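Please open the structure in a viewer and keep the selection panel at hand.

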Amino acid sequence: MPEIKVTPLGAGQDVGRSCILVSIGGKNIMLDCGMHMGYNDDRRFPDFSYVTQNGRLTDFLDCVIISHFHLDHCGALPYMSEMVGYDGPIYMTHPTKAICPILLEDFRKITVDKKGETNFFTSQMIKDCMKKVVPLNLHQTVQVDDELEIKAYYAGHVLGAAMVQIKVGSESVVYTGDYNMTPDRHLGAAWIDKCRPDILISESTYATTIRDSKRCRERDFLKKVHESIERGGKVLIPVFALGRAQELCILLETFWERMNLKAPIYFSTGLTEKANHYYKLFITWTNQKIRKTFVQRNMFEFKHIKAFDRSYADNPGPMVVFATPGMLHAGQSLQIFKKWAGNEKNMVIMPGYCVQGTIGHKILNGQRKLEMEGRATLDVKLQVEYMSFSAHADAKGIMQLIRMAEPRNMLLVHGEAAKMEFLKGKIEQEFNIDCYMPANGETVTVTTNPSVPVDISLNLLKREMVLGGPLPDPKKPRAMHGTLIMKENSLRLVSSEQALKELGLNEHQLRFTCRVHLQDPHSDNDTLHRVYTHLKSVLKGYTVQHLPDGTVMVESIVVKVSSSAEDASMKVLLLSWSYQDEDLGSFLSTLLKKGLPAGLC
């Protein structure tokens with residue numbers, strides 16, 4: 001039996017370093033190639049030696065697909081393609097292709113230029129890697145080779161994020177990357193059609209969370225920021241340059257305008273300009289409201305939010321600063337946090353998920369003394385708030401996607417083991433399908449039952465309807481009688497009349513015959529009449545006729561009687577029927593073999 005194999009090299013019972021290997025129909029595909037924010041050693045990248053111990057990855061992979069530009073999904077790409085060695089196609093959407101190299105370069109600067117790390121990719125490697133990228137459009141089927149095809153669906157989450165369907169013959173896998181099932185202020189909700197894949201590989205970051213209403217969270221966020229500003233405090237909001245940043249900027253910009261507030265709002269990093277440029281460029285990827293208002297004004301040109309300079313961090317008085325990155329593991333957000341951590345008037349609001357090992361994760365877990373580089377200790381006195389504006393699907397959203405796609409099997413990645421275990425039980429119970437949650441390096445093998453798609457002619461369907469058959473229902477299989485025609489690798493089921501016409505053939509009648517020996521002392525005519533009476537009493541719902549030519553007919557079945565030459569009391573019943581009445585013919589022959597009831601006139 002054919003089978004599909006899935007092996008996570010990263011994000012198996014873990015968040016970060018997403019990288020999943022899929023083997024389907026003899027093809028090998030790598031889904032995402034991310035890095036782990038919680039590690040600074042070899043563990044930050046996926047273990048590519050699992051694919052091959054020596055030699056380039058090109059010989060083992062048919063293609064690489066990147067779901068979106070977050071570094072935990074694309075951060076290891078230049079390392080994989082330029083340092084380990086891969087020359088094949090890398091697929092991603094147009095916005096991801098535009099934004100990915102900027103984030104990679106920004107990350108390289110922090111890691112190499114500021115921290116002085118070696119064994120890391122160079123700026124030139126990022127450029128060379130991006131030359132291998134093939135851009136994807138939504139809902140466009142891309143033929144990777146003669147057998148392998150891929151198709152992208154809108155995932156919400158961040159600008160350009162996509163879910164991908166991978167298909168080889170009749171086998172298919174859908175990989176969600178990160179997705180969001182609820183629309184927000186600047187992006188729409190994820191969507192996929194009822195594609196019924198053999199496996200749906202889904203993220204499960206918030207496997208056990210069901211979020212409260214977004215409006216309540218937004219009100220709470222604005223209230224906390226406002227209170228902090230009123231008492232003269234500084235508010236730090238660590239974000240990644242694209243995604244939640246734009247979402248919260250739109251929220252604060254509207255609030256500042258409405259409340260006529262004067263405290264400055266800043267956004268750090270030069271990425272802001274570029275970020276807003278890409279939102280303008282890829283406006284079709286945003287939600288309907290933004291596209292509509294874009295004609296009058298650009299939602300991403302802010303009146304109250306200004307570019308941040310690092311000297312501003314020491315300015316007196318209240319301020320709000322959006323700084324990158326979002327998990328406080330490096331960069332400007334960490335620098336500002338160190339400066340403001342000692343004052344209880346200040347506040348840090350963490351709007352998204354933080355990976356284990358990052359400062360963000362530590363302070364969210366209540367750590368008040370942090371060991372920094374060089375053994376220095378940092379006392380955390382500022383207020384720490386967590387408000388999930390994360391653009392990941394919650395448990396309800398994951399279940400909603402399963403209902404949409406109707407997969408035959410489910411596989412969870414990008415989540416924490418205990419939470420995954422809980423969701424796995426829920427999925428298996430509600431949908432009655434197998435759900436897997438492999439650890440990194442563990443392979444899941446799913447046996448598939450490939451179905452062969454057949455087109456049915458409209459005439460045949462109409463005929464079924466006329467005959468009183470129920471309307472076609474994909475969930476209730478039923479038998480259809482027709483002729484199967486195969487032309488250029490496609491199959492069609494048509495009526496026999498249409499098949500004869502198309503193929504230029506003459507019709508031949510195929511009939512089955514059967515002889516039944518019966519002991520009966522009466523004349524042939526009397527025996528025939530007795531057979532007719534018997535069948536009439538047994539076959540209540542059928543048309544039974546005694547014809548003048550000395551035969552009995554039941555539907556298309558003909559019954560004749562003759563006497564044996566040796567013994568006149570031994571009658572031979574000759575039964576003949578067409579293939580359509582095969583079941584009824586078999587039933588009659590069995591019935592008559594039992595003889596006629598005594599006392600039958």
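In which loop does Arg 196 lie? Select Arg 196: it is in the loop between β10 (171-175) and β11 (199-203), where helices (H or I, at least four residues) and strands (E, at least two) are DSSP runs, numbered from the N terminus. Arg 196 has a positive phi of about 45°, although it is not a glycine. Most residues other than glycine have a negative phi, and most peptide bonds are trans.

Before going further, note that this is a predicted model, in which local features need pLDDT of at least 70 and side-chain atom pairs count only at pLDDT 80 or more, while totals for chains, interfaces and linings use all residues. Residues are numbered from 1 along each chain as its sequence is written, and side-chain values use heavy atoms, with hydrogens and water left out.

**The domains**

Next, colour the chain by domain: domain 1 (3-210 + 391-447), domain 2 (214-386), domain 3 (455-503) and domain 4 (511-594). These bounds come from an automatic or database domain assignment.

Now show domain 1 and domain 2, whose C-alpha centres lie 27 Å apart. Contact (heavy atoms within 4.5 Å) links 34 residues of domain 1 with 34 residues of domain 2. The two domains bury about 2900 Å² between them, 67% of it on carbon and sulfur atoms; buried area is the accessible area (1.4 Å probe) that two parts lose on being put together, summed over both. In domain 1, select Met 37, Arg 185 and His 186, which lose the most area to domain 2, together 29% of what that side buries.

A salt bridge is a side-chain nitrogen of Lys or Arg within 4 Å of a carboxyl oxygen of Asp or Glu, and the count between domain 1 and domain 2 is 1.

**The largest pocket**

Where does the largest pocket lie? Both domain 1 and domain 2 give residues to its lining, so the pocket lies between them. On a 1 Å grid over the protein atoms alone, a pocket is an open set of points with protein on both sides within 12 Å along at least five of seven lines, whereas a cavity is a set where a 1.4 Å probe fits but cannot get out; lining residues have an atom within 4 Å of a point. Grid points are joined across faces, edges and corners, and a volume is the space filled by probe spheres set on the points.

The largest pocket holds about 1100 Å³ of space. Select Ile 110, Ala 330, Gly 331, Gln 332 and Gln 335, the closest to its centre of the 42 lining residues. Then show α3 (94-114), α7 (271-281), α9 (331-340) and α10 (359-364), the elements that give two or more residues to this lining. Of these, α3 gives the most, with 8 residues.

**The largest cavity**

The largest cavity has about 540 Å³ of space. Select His 70, Val 239, Phe 240, Gly 326 and Met 327, which are the closest to its centre among 35 lining residues. The largest share of the lining, 4 residues, comes from α3.

**A last stop**

Finally, select Thr 324 and Pro 325, which are joined by a cis peptide bond with omega about 0°. Pro 325 lies in the loop between β15 (319-323) and α9.
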